[in-house]
Amino acid sequence: MIRTFSHLSFDERRSISRMLDQKFSQSEIARRLGRDRATISREIKRNCWHDQEFPDAEGYWAMTANDMARDRRRRIGKLFRREDLRNEVIGKLESGWSPEQIAGRLKIEPAAKASVCHETIYRYVYSPEGQRQQLARLLPERRRKRRPRYARKPQNPVFPDERSIKHRPEAINHRKEFGHWEADLMIFERVQGNANVATVVERTSRFTMLFKNNDRQSKPIMERLIDVLSPLPRHARQSLTFDRGFEFVSWRRLKQGMGTDAWFCDPSAPWQKGSVENMNRRIRRYLPRDTAVLSVPDESIRSLIDRLNSTPRKCLGFRTPAEVFRREVNK
């Protein structure tokens with residue numbers, strides 16, 4: 001039998017308030033109302049009134065709870081109701097702004113006609129409407145779906161804290177050791193689908209490798225990285241640093257496949273892998289966002305790699321990445 005969900009009514013909230021006064025358990029309240037116990041528990045947790053100045057006024061009050069629930073639903077629906085606000089939010093997402101930056105800017109923008117909190121933007125992005133518009137791909141940190149707000153710390157995190165960039169050895173941070181890479185995906189216009197180009201940059205020499213991908217699934221991308229890097233000597237492929245995009249959730253395959261460690265930037269901090277971010281800006285001169293990337297011949301990609309690696313760099317004393325890389329590999 002399929003169970004349908006309906007919001008609690010004001011009469012049900014009055015019954016909850018009355019039974020709480022009578023010291024009924026949440027299980028008993030749920031049984032009497034014909035509701036799931038989790039529904040009652042969530043209702044009391046979300047719509048209980050808290051007052052720091054007058055603690056005696058705290059509690060679950062039916063009228064207040066009903067108003068809080070109604071206001072919450074109104075906030076969630078704001079981006080559905082207000083086309084002008086929705087278009088403004090989507091435009092800023094397309095410009096690379098995070099939901100928190102958008103919400104914060106709207107609060108101080110004198111010309112803004114309305115404001116919206118970042119949680120509302122996230123909920124819209126991951127709603128069926130937002131999924132149809134593929135808005136999640138515009139977020140700094142992308143996921144297939146979003147966890148509930150109060151349940152975002154998984155028992156077995158995809159990117160564990162011990163792999164955070166804050167624990168990365170200083171020899172890597174200061175480019176004192178060869179064989180540590182940064183990787184990222186270059187994304188193109190929506191009409192190109194999920195096709196992308198992976199950029200892989202060695203931190204000491206700035207030596208760059210590129211390869212095309214048909215989609216952004218993590219396992220195939222990790223396998224391609226193994227294919228590209230595994231022919232190198234062990235000291236030339238010691239680690240890779242990524243952002244926290246879903247394209248890199250299969251990072252453990254690198255250790256299994258070729259013994260290479262992985263490190264991850266802090267959330268929404270792609271600048272922490274500055275070498276590959278800088279290289280992506282250089283590559284955009286040759287592969288702008290409107291490029292039909294799957295139609296670009298492999299020979300053209302190889303030619304671009306040669307161009308990048310044979311260009312003298314000031315940070316290398318005007319030697320080329322290829323020269324520095326070759327010297328380090330042969331040590």
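Student: In this predicted model, are Phe178 and Phe325 buried or exposed?

Tutor: Phe178 is buried in the predicted model, and Phe325 is buried as well.

Student: What makes the pair of Phe178 and Phe325 edge-to-face?

Tutor: Seven aromatic pairs are counted in the structure. For Phe178 and Phe325 the ring centres lie 5.6 Å apart and the planes meet at 65°; since ring centres within 6.5 Å make a pair and planes over 60 degrees apart count as edge-to-face, the pair is therefore edge-to-face. This pair links distant parts of the chain, with Phe178 in the loop between α10 and β1 and Phe325 in helix α15, 147 residues apart.

Student: Why is Cys48 called buried?

Tutor: Its relative accessibility is 18%, and buried means under 20%, so Cys48 counts as buried. Cys265, at 0% relative accessibility, counts as buried by that cut-off too.

Student: Which residues of α6 are buried, and why are they said to be on the same side?

Tutor: The buried residues are Leu85, Arg86, Val89, Ile90, Lys92 and Leu93. They cover an arc of only 160° around the axis, which puts them on the same side of α6, and they pack against α5, α7 and α8.

Student: What makes Lys92 a charge over the ring of Trp97?

Tutor: Lys92 lies over the face of Trp97 at 5.2 Å from the ring centre, where the cut-off for the distance is within 6 Å.

Note on methods
Residues are numbered from 1 along each chain as its sequence is written. This is a predicted model: local features need pLDDT of at least 70, side-chain atom pairs count only at pLDDT 80 or more; totals for chains, interfaces and linings use all residues. Side-chain values use heavy atoms; hydrogens and water are left out. Buried means under 20% relative accessible area, exposed over 50%, partly exposed in between (1.4 Å probe, protein chains only). Helices (H or I, at least four residues) and strands (E, at least two) are DSSP runs, numbered from the N terminus. The arc is that of the directions from the helix axis to the C-beta atoms. Contact means heavy atoms within 4.5 Å. Rings of Phe, Tyr and Trp (its six-membered ring) pair if their centres lie within 6.5 Å; planes under 30 degrees apart count as stacked, over 60 as edge-to-face and the rest as tilted. A charge sits over a ring if NZ of Lys or CZ of Arg is within 6 Å of the ring centre and within 35 degrees of the ring normal.
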